[in-house]
Amino acid sequence: MSQSETTTTTETSWNESCESLTASTASLQPQPMERPPIKSRPPIESRPSNEFRPKVGPGLLLFPGTAQRHHENLVPKSQSMNTTSTTSTANANANSTSNANEDVVVVKSRKPFGIRSFRRPLLWPTRSALMKKADKLPAKCPEQSELEVEDSACIPKAQAFIIEFLQGSSIHGFIYLAKCGLNFLERMLWFAFICVALFSIISLSQRTWQRFQTSPMVISMDRNKLVWNTSFPSLTVCPHKRIDDVKVDEYILAHSEQFEDEDDKENFRDFIVKLASLTYDNLETLPLNKSYGIDSNNYLDILYELKWPFTPEISSGAAVKMFIYETQTEFGICHSVNSLVARYNSYYYWRAGDWNLLDHGDRVTVHPLDGEIYAQIINLSTAYDVYFHGAGDVPSISKQRYTFPESDYTTVELIALEIYTNEEARAFTTKQRKCRFQYEADGMQTVPIYSFGLCLSECRMFFALRICGCVPHFYRNLLRNGRRLPVCGLEGIACLVRIKREIITLKSDIYKINCNCLGNCDDSNFFVQSYRSRVWFLGANLQWGIIDYPKMQLRRDVLFSFADVLVYIGGLVGFFLGCSALSFTEIIYYFTARLVRRMFCN
């Protein structure tokens, strides 16, 4: 046998052995090393061809296609040694062998060398191989045959892609689902571990997200009283005398046809006085036997036409000037001092159909270094009721009121308790904060700003509309959407009498009441510490202020932000699965760009 034939035989034997190796063992073949010459060894020609065959050890399942590239790059030592002596016949045989295996890789059976050795999976099938396989099938139309070829290629490609993803994923545990040498029980055990980890991550993440949605804020106590300023107490004064008798007499003369006799005129005087002071507490005191030709929609116009001129004056020791505004409340026509919302309930603001924000000036604040600061209202000229509240709130029927006579000089001393919200909380929703700022007035229908007191007033108004079909005259009956609500007449007021307890308390065993009113994020609460009165010959005066400054302040801070949620959930994912943000990026890459490449472009 010639040397060229020996070389050809050696190459063929080497190719057959390489083709029968598994994908795992092919990747782990040791490269042929130079051995020192041994004198007693026979010549190369007389040695068996499988002497240069590398031993195969236990391997791992490789990505599909890796073994094929390894076969192409692998060159046996005998071929490299005998390259110069290769004849033209050997070249022809090599070309014929490569042409035969160009479209499909032939994997020959071979007895494995170890318990972990196994046959590698088929590589990504080429289109020519699939077409040759389709030629052996019964003859069909070309379109149907090509469609069947494409369908038959999807399943092995999908299987190979999933194995490739599991083995290449950086998520812990996934590799054991496709690792070779594991039996079915071991794979199911690892699958159970992964399921338990996923369940733990989802369960604990839901708790974390629920906490972020319901209670991300905390109210703490701040005792550094020299750092903050304290809001000066606001108040609303409601005089007892609200109707001018002279104007009533002029009205009677102008509408004499509405009155039958003097008793009827006296009854009208009594009716209009009680209508001016009408509130939920005294609904039953209003005479309901005669309307005197007045339409219920004009009640508020008549009251402002006949009102008594109440013009109190205010002075204060604060650095910022205070203003007093006329406002319409649930107690009738009143006047508010140091209020940021009083002008939105003004009669003239309502009648102008205005929804714009108004400038109320700066909020009046005081500091412990300012000493004792008082404000004073003079020229009251009548008995009055007083409601103390914050600058961003309004008097409510549920709040305590104080009544003082018209001949006393009264001094009221108050203590304050304030709560303010950190600026970082503005990024949270109202449901998370459980409070609203003034500009968050999306749900308000009668005013362009939000206030807890205004929200309660609207809730009472809509409850009365739902039960009695009308609203009391001291509410704004024009809504933001342009709808005008009917004002309660005598029959409507009789209906309000029956449900006044529910209206005042906003609680009922019969009717469903859901106001959904949240507190003000920045709020001030004032409590009367003491008050004293003495007879004053110049008429009724009211003085109020803060003597003992608050030694603590409540602060609403962010306890659990969105960054904390990401850190917490990321820690859970890393603890149970050992993956990071790049692992999720890897998943997106595999099932988008790489999937398209493997399924359609390979």
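Mentor: Let us start with Cys-455, whose relative accessibility of 9% makes it count as buried, since buried means under 20%. Please keep in mind that this is a predicted model.

Trainee: Which residue forms a disulfide with Cys-455?

Mentor: In general, a disulfide is a covalent bond between the sulfur atoms of two cysteines. Here the partner of Cys-455 is Cys-517, with the two sulfur atoms 2.0 Å apart. The torsion about their S-S bond is about -85°, and the disulfide is therefore left-handed. Cys-455 belongs to helix α14 (residues 452–468), whereas Cys-517 sits in the loop between α16 (500–505) and β13 (519–520), so the bond ties together parts that are 62 residues apart in sequence.

Trainee: Is Cys-517 buried or exposed?

Mentor: Cys-517 has 17% relative accessibility and so counts as buried.

Trainee: Which cysteine is joined to Cys-459?

Mentor: Cys-459 is joined to Cys-515, with an S to S distance of 1.9 Å. This disulfide is left-handed because its torsion is about -75°. Cys-459 is in helix α14 and Cys-515 in the loop between α16 and β13, 56 residues apart. Cys-459 is buried at 13%, while Cys-515, at 23%, counts as partly exposed.

Trainee: What is the handedness of the disulfide of Cys-238 and Cys-334?

Mentor: That disulfide is right-handed, because the torsion about its S-S bond is about 105°. The sulfur atoms of Cys-238 and Cys-334 are 1.9 Å apart. The bond links strand β3 (residues 234–239), which holds Cys-238, to strand β6 (residues 332–337), which holds Cys-334, across 96 residues. Both Cys-238 and Cys-334 are buried.

Trainee: How many disulfides does the structure hold, and what pattern do they follow?

Mentor: The structure holds 6 disulfides. With bonded cysteines counted along the chain, the pattern is 1-2, 3-12, 4-11, 5-10, 6-9, 7-8.

Trainee: Let us turn to helices. At what angle do the axes of α9 and α10 cross?

Mentor: The axes of α9 (residues 245–254) and α10 (residues 262–276) cross at roughly 130° and come within 11 Å. The two helices are therefore oblique to each other, and their crossing is right-handed.

Trainee: Which residues make the contact?

Mentor: Helix α9 contributes Val-248, Asp-249, Tyr-251 and Ile-252, and helix α10 contributes Lys-265, Phe-268, Arg-269 and Ile-272. Of the residues in this contact, 5 are nonpolar, 3 are charged and none is polar.

Notes. Residues are numbered from 1 along each chain as its sequence is written. This is a predicted model: local features need pLDDT of at least 70, side-chain atom pairs count only at pLDDT 80 or more; totals for chains, interfaces and linings use all residues. Side-chain values use heavy atoms; hydrogens and water are left out. Axes are lines fitted to C-alpha atoms, for helices over the stretch in contact, and angles run from 0 to 180 degrees between N-to-C directions. Helices (H or I, at least four residues) and strands (E, at least two) are DSSP runs, numbered from the N terminus. Angles under 35 degrees count as roughly parallel, over 145 as roughly antiparallel, 65 to 115 as roughly perpendicular and the rest as oblique. A crossing is left-handed if the near helix is turned anticlockwise from the far one by less than a right angle, and right-handed if clockwise. Contact means heavy atoms within 4.5 Å. Ala, Val, Leu, Ile, Met, Phe, Trp, Tyr, Cys and Pro count as nonpolar, Asp, Glu, Lys and Arg as charged, and the others, Gly among them, as polar. A disulfide is a pair of cysteine sulfur atoms within 2.5 Å. Buried means under 20% relative accessible area, exposed over 50%, partly exposed in between (1.4 Å probe, protein chains only).
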